[in-house]
Each structure stands twice: as C-alpha cells, then as structure tokens.
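Dear colleague,

Please find below the structure that I am handing over to you. My notes on its side-chain contacts and ring arrangements follow it.

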Amino acid sequence: MIERKIFATYAIDGLYNGFYPTDIWDIDKIPTENRIEITNDEWQQALQHRCKVVDGVHTLAPFTPTEQSKIDLLTVRLKRNNLLITSDWTQSIDSPLSSTLKSKWAEYRKKLRDITKTTPYVYPIEPI
C-alpha cells in the first residue's frame, strides 16, 4: 500500500491555491512550483480557516479586523439581497396582499435596504 501524502501549492502572498492528496492525484501531475507537503491535520485546518505558507511553513493566518469587517458586510449584503429578491412579489401591482400588508412589506424591505447603515446588523422580521 502506498502512503498517502498531501501537497499544497500557494501563491506569491503565501495563500494556498491548491491541495493535492496523492491518493487522488498522480504525483507527476502535481505542480512543483511553490509546493509544500502538509499533514492531514494541516490540510483540514486550511480547509476550515485561512492559512498560508510563511518561510516554507504552514501557518494559520487569521483575518485582520478590517478584513473580517469587509467579509461580515459582504455576508450581510448577500443575505439582504436574497431577502429582497424573495420578497419582490409583495410590491408588484398584481400582488394579492391587502394595501395594509403591502405597506408593511414595503417598510420591511426599506429596513433591509438600510441594514448596512448601522452595526450590529439586525435583520427585520418579515410581516405576517
């Protein structure tokens, strides 16, 4: 039985851009430039967290507060946009909603659009 090895490739900034377990990849097909061998534990860590290669060593590289804020904002915007899309029907001319309920949905949608103006981000509750 051949021993499984895991190779990883990384970009100039050290961030991983490929993982190559030898039970799946033919070792002759794995890129050799900017490549290191990593353990299974390091591979699992890299799949769950941001990691990079520093001086040839696998290293955990947590996001800076600024980077994390940008990620959080992007996450909120993606969820907000999805909620707006799924509630578009409430504002159409032929919507089956009463004018009162349609108005409540309009208010809900306004709160969604304004969600990124303050922190913490608090999602409004859908009208019933």
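**Aromatic pairs and their surroundings**

Tryptophan 105 is buried, at a relative accessible area of 9%. Please bear in mind that this is a predicted model. Tyrosine 108 is likewise counted as buried, with a relative accessibility of 4%. Tryptophan 105 and tyrosine 108 are three residues apart in helix H3, so about one helical turn separates them.

The count of aromatic pairs comes to four. One of them joins tyrosine 20 and tryptophan 25 in an edge-to-face arrangement, with 4.8 Å from centre to centre and 80° between the planes. Tyrosine 20 falls under the 20% cut-off for burial, because its relative accessible area is 12%. Tryptophan 25 has a relative accessibility of 37% and therefore counts as partly exposed.

Tryptophan 105 and tyrosine 108 also form an edge-to-face pair, in which the ring centres are 5.3 Å apart and the planes stand at 85°. Both residues belong to a cluster in which ring pairs link Trp89, Trp105 and Tyr108.

**Arginine 109**

Helix H3, which spans residues 99-113, also holds arginine 109. Is arginine 109 buried or exposed? Its relative accessibility is 11%, so arginine 109 counts as buried.

The side chain of arginine 109 takes part in polar contacts with two side chains that I would draw to your attention. With the side chain of serine 87, the polar contact is 2.9 Å; with that of aspartate 88, the polar contact is 3.1 Å. Leaving aside residues up to four places away in sequence, arginine 109 touches Leu84, Ser87, Asp88, Thr90 and Gln91.

**Charges over rings**

Which rings have a charged end sitting over them? The ring of tyrosine 123 has the charged end of lysine 79 over it, at 4.2 Å from the ring centre.

**Summary**

For your own review of the model, the points to take up are these:

- the edge-to-face pair of tyrosine 20 and tryptophan 25;
- the cluster of Trp89, Trp105 and Tyr108;

Yours sincerely

Technical notes: Residues are numbered from 1 along each chain as its sequence is written. This is a predicted model: local features need pLDDT of at least 70, side-chain atom pairs count only at pLDDT 80 or more; totals for chains, interfaces and linings use all residues. Side-chain values use heavy atoms; hydrogens and water are left out. Helices (H or I, at least four residues) and strands (E, at least two) are DSSP runs, numbered from the N terminus. Buried means under 20% relative accessible area, exposed over 50%, partly exposed in between (1.4 Å probe, protein chains only). A polar contact is a pair of N or O atoms within 3.5 Å; within protein, one must be able to donate a hydrogen and the other to accept it, and residues adjacent in sequence count only if both atoms are side-chain atoms. Contact means heavy atoms within 4.5 Å. Rings of Phe, Tyr and Trp (its six-membered ring) pair if their centres lie within 6.5 Å; planes under 30 degrees apart count as stacked, over 60 as edge-to-face and the rest as tilted. A charge sits over a ring if NZ of Lys or CZ of Arg is within 6 Å of the ring centre and within 35 degrees of the ring normal.
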